[in-house]
Amino acid sequence: MAGLTNRLLRAKNVFTSSSSSILRISRSFSSSSSSVTPNNKDRSNVHWVFLGCPGVGKGTYAGRLSSLLGVPHISTGDLVRHELSSSGPLSQKLAQIVNQGKLLSDEIIFSLLSKRLESKEANGESGFILDGFPRTIKQAETLEEVTHVDLVINLKLREDVIIKKCLGRRICSQCGGNFNVASIDIKGENGGHGMVMAPLLPPPNCESKLITRSDDTEEVVKERLRIYNEMSQPVEEFYRRRGKLLEFDLPGGIPESWPKLLQALCLDDNDKKQSATA
Ligand SMILES: Nc1ncnc2c1ncn2[C@@H]1O[C@H](COP(=O)(O)OP(=O)(O)O)[C@@H](O)[C@H]1O
């Protein structure tokens, strides 16, 4: 414990003003931390991170794995949107930054994350699948200080497809369901693979309630991609050097990608068991 405290005190020098959030995060993570589980033996206690460009599908696949494994899916983007939807004093300040496609400060993200982790601890949840965090080297270094990460899944997709997917994203303002109206059909050129992604259309009762995220305009999506390449891509290298990065090229939409992802994660037997009992 003393060692952990010392490491956090060093982290405190990096994030001086957010030190209390870091200490709270540390307590929540360490209460559920486990030894390394590279072979997924303890599937309900995985410590996984999803990386990838905006709109690549981190939320979709992290959410599916969360349901499959019974591990909480913690998305900092969702935490930010929840804060934006409140009329709290922070929300206006955050909206300005998010709507320009910029990253929020580490201090704000740590504060939102620590609140979520406190509720995780209170609910007795174990393990985590993080989505949208860490997004900077400083965030990755601090995460290393406070908990163990088993595996980092790096989702990859061509940039032109990502832009189309972001522009096609829709959310049901009533149930919160995520849909996509983009129909992607890119022909393979010079022997390369094409890509087909069918739209993910809402059920009839959501159709009239669809909204678009205010940061999903073409200009803002391009800025988010630029910032990803500058600030977040180095995080891929951070985990690659530690031997934790699993690169996953999405072969298409959910029907093609989900079984292949399960295979890559050695979870395909788990899915078969589930469908057999469904
Ligand atoms: N870890 C983070 N660090 C800084 N800002 C973040 C972080 N996570 C989310 N945000 C803010 O919330 C916005 C939405 O996040 P998210 O839904 O994860 O977006 P994306 O679709 O770009 O992956 C980001 O553009 C950024 O402004």
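**Reading a predicted model, feature by feature**

Me: Let's take a single residue. Is Ser232 buried or exposed?

Reply: The cut-off to keep in mind is that buried means under 20% relative accessible area. Ser232 is at 3% relative accessibility, so it counts as buried. Its place is in helix 9. Leaving out residues up to four places away in sequence, Ser232 touches Arg135 and Ile227. Ser232 and Gln139 are 93 residues apart along the chain, and 10.0 Å separates their C-alpha atoms.

Me: And how do I read a helix? Which residues of helix 8 are buried?

Reply: The general idea is that an α-helix has 3.6 residues a turn, so residues three or four places apart point the same way. In helix 8, residues 159-168, the buried residues are Val161, Ile162, Ile163, Lys165, Cys166 and Gly168.

Me: How many bridges join strand 5 to strand 6, and how many join strand 5 to strand 9?

Reply: Strand 5 and strand 6 pair over three bridges, while strand 5 and strand 9, residues 210-211, pair over two. Follow Ile171 to see both pairings: Asn178 is its bridge partner in strand 6, and Ile211 stands opposite Ile171 in strand 9. Strand 5 and strand 6 also form a hairpin with five residues between them. In that turn, Gly176 has a positive phi of about 80 degrees.

Me: Why is strand 4 described as largely enclosed?

Reply: Strand 4, residues 151-156, has six residues and five of them are buried, so the rest of the structure largely encloses it. Strand 1, residues 47-51, pairs with strand 4 in the parallel sense over four bridges, and Trp48 has Leu151 in strand 4 as its bridge partner. Strand 10, residues 245-249, also pairs with strand 4 in the parallel sense, over five bridges. There, Phe248 of strand 10 is the bridge partner of Leu155.

Me: Now the ligand. Which residues come nearest to it?

Reply: There are 19 residues around the ligand, and Thr76, Arg81, Lys102, Gly132 and Arg224 come nearest. By class, the shell has seven nonpolar, five polar and seven charged residues. Helix 4, residues 76-85, supplies the largest share of the shell, with four residues.

Me: At what distances do polar side-chain atoms of Arg81, Arg169 and Arg224 lie from an oxygen atom of the ligand?

Reply: For Arg81 the distance is 2.8 Å. For Arg169 it is 3.1 Å, and for Arg224 it is 2.9 Å. Taken alone, the ligand exposes 550 Å², of which the protein buries 97%.

Me: Last, the backbone. Where is the cis peptide bond that involves Pro134?

Reply: That cis peptide bond joins Phe133 and Pro134, with omega of about 0 degrees. Pro134 is found in the loop between strand 3 (128-131) and helix 7 (137-146).

Me: What is phi of Cys266, and is Cys266 buried or exposed?

Reply: Phi of Cys266 is near 55 degrees, a positive value in a residue other than glycine. Cys266 sits in the loop between helix 10 (254-264) and helix 11 (268-277). With a relative accessible area of 52%, Cys266 is exposed, whereas Ser232 counts as buried.

Notes: Residues numbered from 1 in each chain as written. Predicted model: local features only at pLDDT ≥ 70, side-chain atom pairs only at ≥ 80, totals over all residues. Heavy atoms only, no water. Buried < 20%, exposed > 50% of the residue type's maximum accessible area, 1.4 Å probe, protein only. Near = heavy atom within 4 Å. Polar contact = N/O pair within 3.5 Å; in protein donor to acceptor, adjacent residues only side chain to side chain. Areas by Shrake-Rupley, 256 points an atom, 1.4 Å probe, with all protein chains shown as cover. Nonpolar A, V, L, I, M, F, W, Y, C, P; charged D, E, K, R; others polar. Contact = heavy atoms within 4.5 Å. Pairing = 2+ DSSP bridges.
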